[in-house]
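Here are my notes on the model, point by point. Have it open while you read.

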Amino acid sequence: TSENPRPEEIVKYVLKEQHVARMRPAVADEVSNWILKFDEHNLATKHKFGVIFQQMGQTEEEDMFGNETHGAAMDEFLDLLGSTIDLKGFQGYAGGLDTKNETTGSQSVYTEFQGRDVMFHVSTLLPYKEKGDKQ
């Protein structure tokens, strides 16, 4: 088979035991709808994104991850992304953040958008380690 096989080649490869003499495209008004419905079932509905606070003049990743706080402008930006939630006891999609023991901080930013759950891992809301690494 070639690098980009034709549909007929794929069918013949998959159905080796079957004799495929001729193939014709199936034309039906419902086919597009069937494909869309199938795709909808395979879409991810839970997402997590990292948000890093960078102060003026910071160019090193270690310095950025070392920021333990942020200012009002960052708060405004986070408000655009979603709602600040308390992680302890949070029942929604946590994106890997700890909702029992606060080992990944006490708060984060979460939103629901077009039927999808989105959790933001905000660098300044994650616990700070001495080396400047975030969990």
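1. Where does E60 lie? E60 sits in the loop between β1 (46-51) and α3 (61-65). Helices (H or I, at least four residues) and strands (E, at least two) are DSSP runs, numbered from the N terminus.

2. A caution on what we have: this is a predicted model, where local features need pLDDT of at least 70, side-chain atom pairs count only at pLDDT 80 or more, and totals for chains, interfaces and linings use all residues. Residues are numbered from 1 along each chain as its sequence is written, and side-chain values use heavy atoms, with hydrogens and water left out.

3. On confidence, the protein chain averages a pLDDT (the predictor's confidence in each residue, from 0 to 100) of 83, and 77% of the residues score at least 70. Where pLDDT is low, the predicted coordinates should not be read in detail.

4. The structure holds one salt bridge (a side-chain nitrogen of Lys or Arg within 4 Å of a carboxyl oxygen of Asp or Glu). K46 and D117 make it, at 3.1 Å, N to O. That pair links distant parts of the chain: K46 is in strand β1 and D117 in strand β4 (residues 116-122), 71 residues apart.
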